[in-house]
Amino acid sequence: MNRHTFGVLCEMISDIGGLRGTRNMSLQEIVAMFLYTLSHHKKNRSIGHYFYRSGESVSRQFNLCLLAVLKLHHHLLKKPTPITEDCEDSRWKCFQNCLGALDGTFIKVHVPNEDKGRYQTRKGNLAMNVLGVCTPNMEFVFVLPGWEGSAHDGRVLRDAISRPNGLKVPQGCYFLVDAGYTNCDGFLAPYRGHRYHLKEWGDQVPVSAEEYFNMKHSKARNVIERTFGLLKGRWAILRSPSFFSTRTQGRIVTACALLHNLIRKHMPTNFEVDESSDESENEDIGDNVEYITQDGYKWSKFSKWKSCDQQWKGEGGFRNGYLNQLELMLNTKFPGCGLKAIPHIESKFKWFKDKYAIVSEMINKTSGFQWDEETSTIQCDRQAYDDFCKIRPKAGGLWKTPFPYLAS
């Protein structure tokens, strides 16, 4: 980061973030310590040694600066613009109205022992599943950290769409996604069962229309992989587990993405791009645009599969080996999804059982709670629900949230 970019960052943190220097520490020193921590992943003791400050001062100012940087998201997150017919980029001119690409990446984390099962990935690492959305210019549009490493990418995307301030995809526009996501309105996936990844092509040429589409799709969607690589290469704190809390680690990921956009804007690698950029690139697509909702993101139901085969039914549950059978069925339905019986399917079943038990207890054993068949939601007074959550913390997240898995 050069002097000009550093000065711009300090000015934004002061004017927008509301952070000020103290009597003994200037704003520039606070920001410098913050950036040094992110880029070198040093502990408070080491940072204090370099800047001649106490570990307590370093920790306190780091968290204050982190919150100030997060306030810049409205100004630093890129507003996507659709690809037009006159696009000259050979990788993107085939995808008119495309806004960019999205994918998930793993950020290694330290978590308490009781949470290790949820954060364990299919490779056995403890990581956070982070959804990133970027433009063709490698600038982030949306970032959603915090999900467990065992969570499927499609589930994280559905959560991003359903949030009030989440990912917005205007009708008629779309993002490029890989085969791990559902091909639907707003999200264009490649053909399954055909060559896709660039390393699979070599010097060979496509032999069918599907392979040609996959090759073009892969070359364009690769921008999100390069963006993640640049993000992790620049900020060392994202390459190894930090000892911050899970919540703080998620905030750090978002802050790094915002700083990435700031650097891309004020330190472009191609100066011709900087000259051609104007204010129209950062304008919203429109205030009256209709956006795609989570209802448009179609999900395959388990009922479409033969998951209720009589041979797997047992007394009060399922017979031994049903998890392996479900794993086989999932991989048949979604080739290459990578879902395993343990921990993915097992953790999902545990989630369903816990939520079912909570809903059943609310309806059958607690006064003031009723079940609405039409909306599949719990009907009760908000204060009664909050009081119930204090006794049963697992009831969190059920307020006005549909739970269609409860049979009447």
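The model is a predicted one.

In soluble globular proteins, nonpolar side chains tend to be buried together. Here the largest nonpolar core comprises 59 residues, and Ile13, Phe34, Leu38 and Trp235 are those with the most contacts inside it. Helix H9 (residues 246-266) supplies the largest share of this core, namely nine residues. Because domain 1 (3-76) and domain 2 (98-254) both give residues to the core, it lies between them.

The surroundings of Ile13 can be described in detail. Leaving aside residues up to four places away in sequence, Ile13 touches Gly18, Leu19, Leu27, Val31, Cys65, Ala68, Val69 and Leu72.

A pair of aromatic rings is described by the distance of the centres and the angle of the planes. The structure holds seven such pairs. In one of them, the ring centres of Phe34 and Phe62 are 5.1 Å apart and the planes stand at 40°, so the pair is tilted. Phe34 belongs to helix H2 (residues 27-40) and Phe62 to helix H4 (residues 55-70); the pair therefore ties together parts that are 28 residues apart in sequence. Both Phe34 and Phe62 are buried. Ring pairs also link Phe34, Phe62 and Phe244 into a cluster.

Another pair is formed by Phe95 and Phe213, with an edge-to-face arrangement: the distance is 6.2 Å centre to centre, and there are 65° between the planes. This pair links distant parts of the chain, 118 residues apart, since Phe95 is in the loop between helix H5 (73-76) and strand E1 (98-108), whereas Phe213 is in helix H8. The two rings belong to residues with their own accessibility values. Phe95 has a relative accessible area of 3% and is therefore buried, while Phe213, at 22% relative accessibility, counts as partly exposed. The cut-off that matters for these assignments is that buried means under 20% relative accessible area.

Helix H8, which spans residues 209-234, also contains Ser218. Is Ser218 buried or exposed? With 5% relative accessibility, Ser218 counts as buried. When residues up to four places away in sequence are not counted, Ser218 touches Tyr196, His197 and Leu198.

Terms used:
Residues are numbered from 1 along each chain as its sequence is written. This is a predicted model: local features need pLDDT of at least 70, side-chain atom pairs count only at pLDDT 80 or more; totals for chains, interfaces and linings use all residues. Side-chain values use heavy atoms; hydrogens and water are left out. Helices (H or I, at least four residues) and strands (E, at least two) are DSSP runs, numbered from the N terminus. Buried means under 20% relative accessible area, exposed over 50%, partly exposed in between (1.4 Å probe, protein chains only). Contact means heavy atoms within 4.5 Å. A nonpolar core is a set of buried Ala, Val, Leu, Ile, Met, Phe, Trp, Tyr and Cys residues joined through side-chain atoms within 4.5 Å. Domain bounds come from an automatic or database domain assignment. Rings of Phe, Tyr and Trp (its six-membered ring) pair if their centres lie within 6.5 Å; planes under 30 degrees apart count as stacked, over 60 as edge-to-face and the rest as tilted.
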